[in-house]
Structure formats: structure tokens, C-alpha cells
Amino acid sequence: MTRRPLPAAVLCTAVVLAVAGLSSPAALAAPTGLQGDFNGDGYADLAVGVPGATVSGQAKAGYVNVVWGGPQGPGTAGSATVSQATSGIPGTAEATDLFGARVAAADVDADGFADLLVGAPGESLSDSAYDEHGTLTVVFGSSSGFRSGGTVAAKGAGDADRLGALFTAGDYDHDGDTDLAIGTSGEEGGSLLFRPGPLTSPATTTLLDGYDFAGADDLATGDFDGDGTDDIAVTWSGMELYGTAVWSLAGGEPAEVWRTGDHAASLAAADLNADGADDLVLGHRRDNPEADVPSPCPDESSGAVLVRFSAGGLRDGSDVCLSQSSGRVPGTAEAGDAWGSSVAVGDLDGDGAPELLVGAPGEDVGSLENAGSVTVLNGTGTGPVSGGVTYTQNTQGVPGTAEAGDLFGATVAAGRYDLDGLADLAAGAPGENSATGGVWYVPTTDDAYPVGARSLTPRGLGLTGAKAYGTELGR
């Protein structure tokens with residue numbers, strides 16, 4: 001693939017400091033419908049959850065920093081910070097609320113502007129500060145940024161539910177409204193809940209599944225059978241219970257349509273083999289220790305990614321296992337790399353075949369332990385098996401310097417953040433700068449030496465109270 005040079009204008013463009021409140025730079029009056037475009041200017045915006053941030057003197061109250069996309073990508077058009085201390089946002093910023101622990105984008109009110117979904121799993125809904133019911137809040141996008149105000153779309157029922165730590169959005173019942181799949185935890189187990197839309201009005205949740213002495217670790221949305229309806233993928237672990245399953249509501253009633261003993265630290269979904277149905281990516285895949293079937297993935301101690309392909313539904317035996325020991329995958333598999341602990345998918349070169357982004361926050365760079373790396377595996381139309389490139393903070397063109405404990409690649413995301421219409425890479429490094437954290441924007445595809453990469457740090461964005469910036473990136 002060829003390198004996409006950055007326009008010269010950006011080289012002398014100063015970074016605009018963070019914008020207080022909810023407003024954005026001048027945007028188009030008309031909505032675009034672009035995923036993650038909160039202000040309708042035609043560029044995806046980068047939402048960074050900072051649940052460990054101090055707000056109004058309250059440690060770990062948390063906030064979300066939205067870095068506006070623009071012609072030169074995020075970091076040149078300012079940012080907005082949303083917290084429970086922001087005017088109109090439901091709730092009050094309190095210690096350990098963890099507002100921003102999970103962040104996603106969806107057009108909840110069908111106005112063409114993406115809306116911000118924010119989880120606060122530490123939120124107490126009782127008189128006890130130790131309770132963790134959790135909440136999930138919607139903040140509405142508009143042509144001027146975010147509208148003043150928001151609404152609580154879901155609340156935890158139990159005092160240890162931690163609702164908001166894990167959720168994904170989609171139209172699962174095919175009625176045109178955005179719905180939610182929510183994972184909760186508890187003292188003796190967790191659950192998977194369905195919250196039907198519209199999210200702008202109250203609704204009860206439906207229990208899809210429960211996990212005794214276990215809990216969900218990640219969720220993803222995809223159309224795995226190609227019927228035009230979103231499905232829910234969930235992976236869980238705990239005690240002796242491990243697995244991954246897909247749930248469908250297309251028939252009117254919830255149904256588990258596929259299950260495996262494989263467990264993953266992270267999930268992603270996209271049509272990688274161009275058959276019209278989404279495939280499921282299981283990052284940092286692990287065996288069920290109780291299973292009798294041997295692992296199809298080598299180098300478990302270093303991390304592996306399992307791609308389960310679909311054809312009218314996910315099929316057993318249709319998988320491809322990738323690791324740093326696989327042919328044409330760059331790098332060397334080493335124990336503790338955590339290769340695949342974060343995964344994302346995006347078409348970075350515009351050829352219609354999505355690339356697979358794989359974070360390895362435990363990767364050592366030389367003698368620097370847990371400095372971290374991100375691997376971009378090329379899409380082919382038959383699966384991400386045609387090679388790729390690995391970035392670290394010591395890669396030429398990537399800002400900064402690799403340091404022990406940076407955890408570069410702890411989170412990865414793909415979005416159309418700049419003017420070329422192609423997806424770009426965002427990678428979190430929550431251990432950067434003594435755990436203040438940072439996010440790296442790479443506007444190239446899989447070039448060995450990226451041009452125009454940029455680091456986004458709390459200091460550069462004018463943020464205060466940040467802790468582990470880059471822990472969570474909007475999905």
C-alpha cells in the first residue's frame with residue numbers, strides 16, 4: 001500500500017486547546033449520519049473515556065473527552081469534556097462514579113447526529129457511597145457539538161450491578177430504534193440484559209443470560225447471519241465458566257444462536273471475507289480449561305486472535321487463528337505480550353477489505369517491559385492474513401519514545417477522523433507520562449513509517465484531573 005502524505009498545512013497548525021463545556025468548532029448545519037460524528041461536520045470525533053479522572057475534587061468521578069475530528073484529524077480542532085459536573089448532564093460528580101468507563105456512539109434519536117453513550121459503573125443510587133448500581137447516560141449530538149443536557153437510559157437494580165461498565169448498541173429487534181445490550185456484575189455472578197429502544201423514554205430490561213460466579217468481559221454488535229438485523233456477541237469468564245455466544249432477537253424472542261467454549265478479552269465484528277455477513281474476532285483468545293478439545297491457537301501465553309467466519313451464521317471449524325508466530329504476522333510471540341487484548345476493525349486503505357487492528361500492551365520494546373505495540377493486519381476480502389506492520393512509540397514517524405509501562409495498544413479504535421474518507425487508527429497508552437496517559441492518532445494505513453501521526457495528551461489538550469487517558473476509546 002502507498003503512504004498517504006499529510007497536507008503541509010498541518011505541519012504548521014497549532015493544536016487548539018480543549019474547549020470547556022459541550023460546544024464544538026463551527027460545524028455543518030446538516031447532519032451527516034457518519035458513525036461517531038457528534039457535531040455533523042463530516043468527520044468522526046474521537047471519544048476518550050477517562051473514568052479515573054478527578055472532577056470537582058472528586059477522585060475517579062470520571063469524564064469523557066471528545067476530541068473533534070477535522071480536515072487534519074483530531075488534535076487540531078479542540079475538544080470538549082463531558083462529566084456529571086457539566087450543566088444539564090444527569091447526576092452529580094462523586095468519587096468513584098467512574099463516568100466514562102465505557103463509551104460508545106449511536107444515533108439514538110435518529111436526527112443524523114451521533115449521540116454519546118457513557119457508562120458510570122461506580123454510580124450509587126442509594127444513600128451508601130459504597131453501593132455500585134451504575135448508570136448509562138445518553139448525551140445528544142447537534143450541529144454545535146453536544147446539546148445541553150442528557151438522559152439516563154438505564155440504571156442498575158442491584159447494589160453491585162456495576163451497570164455501565166459494559167454495553168454495546170444496535171437495532172437488535174429490527175424496529176428502527178437503537179437498543180442496548182448491557183453486561184452487569186454482582187456479588188455471585190453477572191448477567192446479560194437487553195434494553196429496547198427508544199432510549200429517550202423509560203423501558204424495562206430483559207434478562208438474556210446469567211453467569212454464576214462469572215461475568216461478561218466484552219460485547220460486540222454484528223449481523224452474523226446476514227439477515228439485516230443486528231446480533232449480540234458476548235464473551236464471559238469466571239471460576240470454571242468460560243465461553244462466547246451470539247444472541248439474536250430477529251425472531252421476536254431472544255435466542256442464543258451460537259456458543260463456543262472459547263473466551264476472549266476483547267471482541268470485534270466486521271465482514272472480513274466479503275460474504276455479506278459479519279465475522280467475529282476474538283482477541284487474546286483462551287480455551288475453556290474444562291474443555292477436552294485442544295486449542296487451535298498457538299502461543300496462548302503471548303496472546304492470539306481467533307477469527308470465526310460466518311456464512312448465514314457462525315460456523316464451528318471456520319476459524320483462522322493468528323498470533324505473532326503466524327506466517328506474515330510481524331513480531332515475535334513472547335509470554336505476557338497480551339497480543340489481542342484490544343481489537344478493532346476498519347478499512348484503512350479504502351479497498352473494501354477491512355484491516356484488523358491488534359493491540360499488545362504487554363509487548364516489550366527492547367528491554368522496556370510493557371511498552372506496548374499495535375499491529376495492523378491487511379484486509380484481503382478473504383480474511384486478515386496478508387501480512388501487516390507493527391507500530392511502537394519507537395517506530396519512525398510515531399511521536400514520543402517507548403517507555404516501560406506505557407501500555408501502548410491497551411485500546412485501539414478506527415474512525416474517519418480526517419478529510420480523506422478512510423478509517424484511521426487511534427491507540428491508547430494509559431501508562432504514558434507516569435500514568436497520565438495519551439492517545440495516538442495515525443492517519444496512514446499500514447505504512448512502516450507513518451506520516452502525520454500525532455499524540456493527544458491531557459497536557460496538550462489543556463485537560464486537568466486526567467488519569468490513565470486512553471483507557472477507553474469510543475466504539
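Reader: Which residue of strand 23 does L377 stand opposite?

Author: In this predicted model, strand 22, made of residues 373–377, is joined to strand 23 by four bridges, and the two run antiparallel. L377 belongs to this pairing, and the residue that stands opposite L377 in strand 23 is G388.

Reader: How is the aromatic pair of W68 and F146 classed, and which parts of the chain does the pair link?

Author: The structure holds six aromatic pairs, and in this one the centres are 5.8 Å apart with 35° between the planes, which makes the pair tilted. W68 lies in the loop between strand 2 (63–67) and strand 3 (79–83), while F146 lies in strand 7 (residues 145–155), so that distant parts of the chain, 78 residues apart, are linked. Both W68 and F146 are buried, and ring pairs link them with one further residue into a cluster, that residue being F38.

Reader: What is the angle between the planes of Y172 and F194, and how far apart are the two residues in sequence?

Author: The rings of Y172 and F194 have centres 6.5 Å apart and planes at 75°, an edge-to-face arrangement, and both residues are buried. Y172 lies in the loop between strand 8 (166–170) and strand 9 (179–184) and F194 in strand 10 (residues 189–195), so the pair ties together parts of the chain that are 22 residues apart.

Reader: Where does P198, which a cis peptide bond joins to G197, lie?

Author: The peptide bond between G197 and P198 is cis, with omega about 5°. P198 is found in the loop between strand 10 and strand 11 (206–212).

Reader: Is K60, whose phi is a positive value, buried or partly exposed?

Author: K60 has a phi near 60°, a positive value in a residue other than glycine, and it lies in the loop between strand 1 (46–50) and strand 2. Its relative accessible area is 46%, so K60 counts as partly exposed.

Reader: What is the relative accessibility of A435, and in which helix is A435 found?

Author: A435 also has a positive phi, near 70°, in a residue other than glycine, and it is found in helix 1 (residues 432–435). A435 counts as partly exposed because its relative accessibility is 25%.

Reader: Which residues are linked with R308 and D262 in a network of salt bridges?

Author: Among the ten salt bridges counted is the one in which the side chains of R308 and D262 meet, at 3.5 Å from N to O. R308 is in strand 18 (residues 305–310) and D262 in the loop between strand 15 (255–260) and strand 16 (266–270), 46 residues apart. R308 is buried, with a relative accessible area of 4%, and D262 is buried too, at 7%. The network that contains R308 and D262 also holds R285 and D319.

Reader: What is the N to O distance in the salt bridge of R259 and E256?

Author: R259 is partly exposed at 43% relative accessibility, and E256 is likewise partly exposed, with a relative accessible area of 32%. Their side chains meet in a salt bridge with an N to O distance of 2.8 Å.

Note on methods: Residues are numbered from 1 along each chain as its sequence is written. This is a predicted model: local features need pLDDT of at least 70, side-chain atom pairs count only at pLDDT 80 or more; totals for chains, interfaces and linings use all residues. Side-chain values use heavy atoms; hydrogens and water are left out. Two strands pair if DSSP finds at least two bridges between them. Rings of Phe, Tyr and Trp (its six-membered ring) pair if their centres lie within 6.5 Å; planes under 30 degrees apart count as stacked, over 60 as edge-to-face and the rest as tilted. Buried means under 20% relative accessible area, exposed over 50%, partly exposed in between (1.4 Å probe, protein chains only). A salt bridge is a side-chain nitrogen of Lys or Arg within 4 Å of a carboxyl oxygen of Asp or Glu.
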